[in-house]
Every structure is written in C-alpha cells, then in structure tokens.
Amino acid sequence: MIGLDVRLPLAGFPLAVSARFESGAVAVMGPSGAGKTSLLESIAGLRRAAGKIAIGGETVLDSERSVDLPPERRRVGYVPQDSLLFPHLTAAENVRFALSREEAGRRLFDEAVAMLEIEALLPRYPATLSGGERQRVALARALAAKPRLLLLDEPLAAVDVELKGRILPYLLRVRDEMRVPFLYVTHNAGEALLLAREALLLRSGRVESAGPAGEVLSSRRLAAIDPMARFDNVVEGVVEAAEAGGPARLRLPGGEVLRVPSSGVAGEKAIYSLAPEDVLLAAHPLDRVSARNVLAGNVEAVDLGGDDALVRVLAAGVAWRAHVTREAVRDLDLVAGRPVWLAIKTQAFRPIR
Amino acid sequence: MLPPTAIGLLLLELLRRSGPIGRLLDRAGIEVLFTWKAVAIATAVMSFPLLVRPARAAFETIDPRLLGIARSLGKSRAEAFWKVALPLSWRGILAGTLLAFSRALGEFGATILVAGNIPGRTQTLALAIFHRTQIGQDAEAFRLVGVVAAIAFAAVWLTELLQRRRGRRETAAA
C-alpha cells in the first residue's frame, strides 16, 4: 500500500497530489513539467514536502505529527532520469555503495547484478556506459539497498530512441521475481499498461486521474494532456523455434502465434513494441497479403482527436491500438463491436530486448 | 585583507604569555612564540583564504542530487560527504592546498613578528633571503631565490595541471 498526500510549492504551481495505491505496480504519466519528478523526489525525501506519505503501512512523512524521516531511513530506491551514478566509482562500486562487506551484502550484490544483467559492465566507469546501461546499473544499485519501494523516472529521450536499451524488460523481472513495489514514470502508455496495474495521471501538479491503469490511461484522456505520450502496442510472448526460411515466431499468452523479426532464444520470453501507425485495419477478411500477421478481432473503442483516430481492437487476447485517419473510421464504419481484421507486417514489430 | 604585519601583531597579542590563548598554552607547557610552531601558525593563517576558494568552487560543481542519492541509499549526511562530495572535489582541494603552500612560502610580515628570524630555527626561505641581503651576501641570497622560485613554480604548475586535466571519466560524465 502506498498512501500519498503530498504538497510542495514548485516554480509555476504547487504540487498537490493525493492518491492511494494498493497494487504496488503504479505508472505515473503526464506531460513534461507536470511535477512527476518532484513527486518522486518528495517520496524519496530529497525534497521537503508537507503532507503525509505512507509506504507499506509505515509513515515516512506526516507533517501534522512532525514525522519526516530523512532519506536514509525511508528505504526508498530512486532511479532518476539521468541515472545519477557516482562518476568517481565503477559500476560495481556504484552497486556496492549501499552494501556492507558481509555475506548478506555479497548476496544482494550478486542478485542485483544477475537480475539486471550488468556483469560485463561492472569494471566500467559511468561515463563509458550508454544511457540504457546507466539506467540498469542505477536500478541494480537501488535494488541492492533492499528498498521497500522503487521510484523510476524513465528519461524522456527514451521515448524515441534506444528501444533496445529500455529498462522495461528488467522492470518486469523485478516486478515478478523480486516483488518490490514501484512507481514508474513513463511517456509510453503501452509500456505502462503492460507493467502497471494502477496509474496516476498528473497535470500541472494536480491529480488528473488515479486508479486502475486501463481506465486512467484511456488514450483520449492521456493524449489530451500529454502530446508526448505514445500509445505503442507492447506485446509479451514466448519465442518459438522458427520454421526453416521463415521469420521468428512469438506465441502470445492467448495461444496465437505472431511472425516477428528474430530476437532471443526459443523458449524464452520476449517483448516487442509496435507503433499504432503500423497497424492496418480491414473491414473484410484478408486473403493473400504480404503482411504476415492477420488477426481477426472486434473494435472496442474509437478515440477521435482532430483528423486522427486511435482505434482499440481486441484480437488474440490483446488490446491493440491502431492509428488511422478519421476518414478511414468513416469509410470502414469503425464503431465499438464491429468485427475487423488487423494486418501487421513482420518488420513493424521491434524487439525491446 | 589586512597587511601581514597587522595579522602578525594580532597573533602576537593572542599568543603572548599574558594573551588569551598564550595563557592557556603556557599552562599546558607549550611554547609557541619564536619557535617553528609560530611559523606554522602565521603562514597557515595568512594562506588559508587561498585554500578556501578553489575548494569551495570544487564543492559547488557537485550535483547536490548525488548527495541525495547517497542518502537514499542509506548513508548519513556525513557519510555522503566522505564518500561522494570529498572524492569528487579532491582536485580542487589539492589545487587550493598547493596555492596556499605557495603563498606560505612567501610569507614574511606575520612570520617575522611572531617567530622572529632565528637562523636554523625559525628562519624561512623568505626571511633568509632578506637576512642575506642585509648582511651583504647577495650571491647566497640569489641562490635562495633560485630555490624558492623552483618550488613556487612547481606548485603553480601542479595546480594548473590538476585543474585542467579533470580526470577523463568525471568530465565525460558531466
């Protein structure tokens, strides 16, 4: 349980966030400058906010009762946008920073290193690491301190670049294997939906909406307040052995098999991202098309915005988002409940890992 | 800044046997005036301000959030200082130390007031040069000028070197 009632004066407006999360998997979204980073810093105790903050039942801030634990006693792991690794220490020394030299420390170190797959980076200095590598080392450093809560601020630059370097797959492992509760700042609604059960949408320091991720991150609402937000389709599946001469295959949890560019080893989990612009919709069954993935589904919802529309289609157990023109919506008569066929090229899927 | 002789006089007042600090030292059996200890105190007081500026500049270039991260990793304020702030600013501190050292080499006024000019005991290089010229040993004085110039030059050169070559890894990260 994470209980927030944070008040903090900022340059343009006051930050005033009141929300309560039960799931331990929370996505934080909102336009740049909405106060997301300030909120994380307040929770970590790096900014002196007023109000009340409770993490897993322990109150770390209660200004009415003069409770304000210093950062070192909050046990909150913070991974800022720019990673903030200690530049004078190697990756290994960074991860070891919070640890004692005892046996227990050694085990936590090994565990964090294995989880984030940073073995090869250990002797290197932060300046020689890529942005994605730094984020992984910073996450390992935070995990090694055995936090009660993780705060992750995904760099905005990662919205467009460095798909391979994304922290997302590692975060999924942390969520599933270590079960550390987290707040994850991202600009990618697709990732947020894959990762989080609850979401917090901020706008100008205030809560625009908070609750189950699916509801909070409905594309209409998010697109209206965050022009940078992306609605990538993010699918997770298990890699299957490719047929001779054929593309790699990804089996979705629902059983459907996608043709994707090869990545990873057969039998292992893999995550692919797909831009909504790359999803074609057809009103009739498709026959003999070059796109290797054709799925039958039903329109769930149509979000209109300007000349564009984001159409949500449920197919093969996945909620797909297709970005089409308003004209296409009219011509194909796309309304909720209508059966449609999705056509997706193999190359449109991009492996996140 | 006060003239060195003025500082020297103030130190003399403080350290003399009947002075506020001198009395305590006297009771503890510590003799300071006109010993090498007085030289050390006088040169330290005179050159300390030169250490402060580069050291402070170095501390100010550290992202304060790094110290915040150190604390969120369980370190106290003092530990964060020792493990992060100090290692990241040692170049500035060392540069300041060398600068202060150069200044101390040339200190004259304050030293001569509190330590005198006793050959073999409290005579510094600066004092020795003065002394030699007074007794007409100009050649000897020039030899000492050569020594002091070499030391001062080496110190300044080292300072420049440290400030310019701010370790590859640290600048690349910034």
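Me: Which ring does the charged end of A:Arg96 sit over?
Reply: The charged end of A:Arg96 sits over the ring of A:Phe109, at 4.6 Å from the ring centre; for this, NZ of Lys or CZ of Arg must be within 6 Å of the ring centre and within 35 degrees of the ring normal. This is a predicted model, in which local features need pLDDT of at least 70 and side-chain atom pairs count only at pLDDT 80 or more, while totals for chains, interfaces and linings use all residues. Residues are numbered from 1 along each chain as its sequence is written, chains are lettered from A and ligands numbered from 1 in the order in which they are written, and side-chain values use heavy atoms, with hydrogens and water left out.

Me: And what sits over the ring of A:Phe97?
Reply: There the charged end comes from the other chain, as B:Lys83 sits over the ring of A:Phe97, 5.6 Å from its centre.

Me: How many aromatic pairs are there over all chains?
Reply: The count over all chains is 6 aromatic pairs, where rings of Phe, Tyr and Trp (its six-membered ring) pair if their centres lie within 6.5 Å, with planes under 30 degrees apart called stacked, over 60 edge-to-face and the rest tilted. One of them joins A:Phe86 and A:Phe97, whose ring centres are 4.4 Å apart and whose planes stand at 40°, so this pair is tilted. A:Phe86 belongs to the loop between β7 (76-79) and α2 (91-96) of chain A, and A:Phe97 to the loop between α2 and α3 (103-116) of chain A, so the pair ties together parts 11 residues apart in sequence. Helices here are DSSP runs (H or I, at least four residues), as are strands (E, at least two), numbered from the N terminus.

Me: Is A:Phe86 buried or exposed?
Reply: A:Phe86 is buried, with a relative accessible area of 0%, and A:Phe97 is buried as well, at 6%. Buried means under 20% relative accessible area, exposed over 50% and partly exposed in between (1.4 Å probe, protein chains only).

Me: What about A:Tyr272 and A:Phe349, how far centre to centre?
Reply: A:Tyr272 and A:Phe349 are 6.4 Å apart centre to centre with 90° between the planes, which is an edge-to-face pair. The pair links distant parts of the chain, 77 residues apart, with A:Tyr272 in strand β15 (residues 269-274) of chain A and A:Phe349 in the loop between β20 (339-344) and β21 (350-351) of chain A. A:Tyr272 is buried, at a relative accessible area of 1%, and A:Phe349 is buried at 1% too. Together with A:Trp320, A:Tyr272 and A:Phe349 make one aromatic cluster.

Me: Changing topic, how much do chain B and chain A bury between them?
Reply: Chain B and chain A bury about 2,000 Å² between them, of which 68% is on carbon and sulfur atoms; this is the accessible area (1.4 Å probe) that the two lose on being put together, summed over both. In terms of contact (heavy atoms within 4.5 Å), 21 residues of chain B and 21 residues of chain A take part.

Me: How many salt bridges go across that interface of chain B and chain A?
Reply: There are 2 salt bridges across the interface, a salt bridge being a side-chain nitrogen of Lys or Arg within 4 Å of a carboxyl oxygen of Asp or Glu. A:Glu72 and B:Arg71 meet in a salt bridge, with 2.8 Å from N to O. On the side of chain B that touches chain A, the elements that give two or more residues are α4 (64-72), α5 (77-106) and α9 (168-173) of chain B, and α4(B) gives the most, with 7 residues.

Me: How many salt bridges over all chains, then?
Reply: A search of the whole structure finds 26 salt bridges over all chains. Among them, A:Arg251 and A:Glu240 have their closest N and O atoms 2.4 Å apart. That pair links distant parts of the chain, as A:Arg251 is in strand β13 (residues 248-251) of chain A and A:Glu240 in strand β12 (residues 233-240) of chain A, 11 residues apart. A:Arg251 counts as partly exposed, at 35% relative accessibility.

Me: And where do B:Glu60 and B:Arg56 lie?
Reply: Both lie in helix α3 (residues 36-60) of chain B, 4 residues apart, which is about one turn of the helix.
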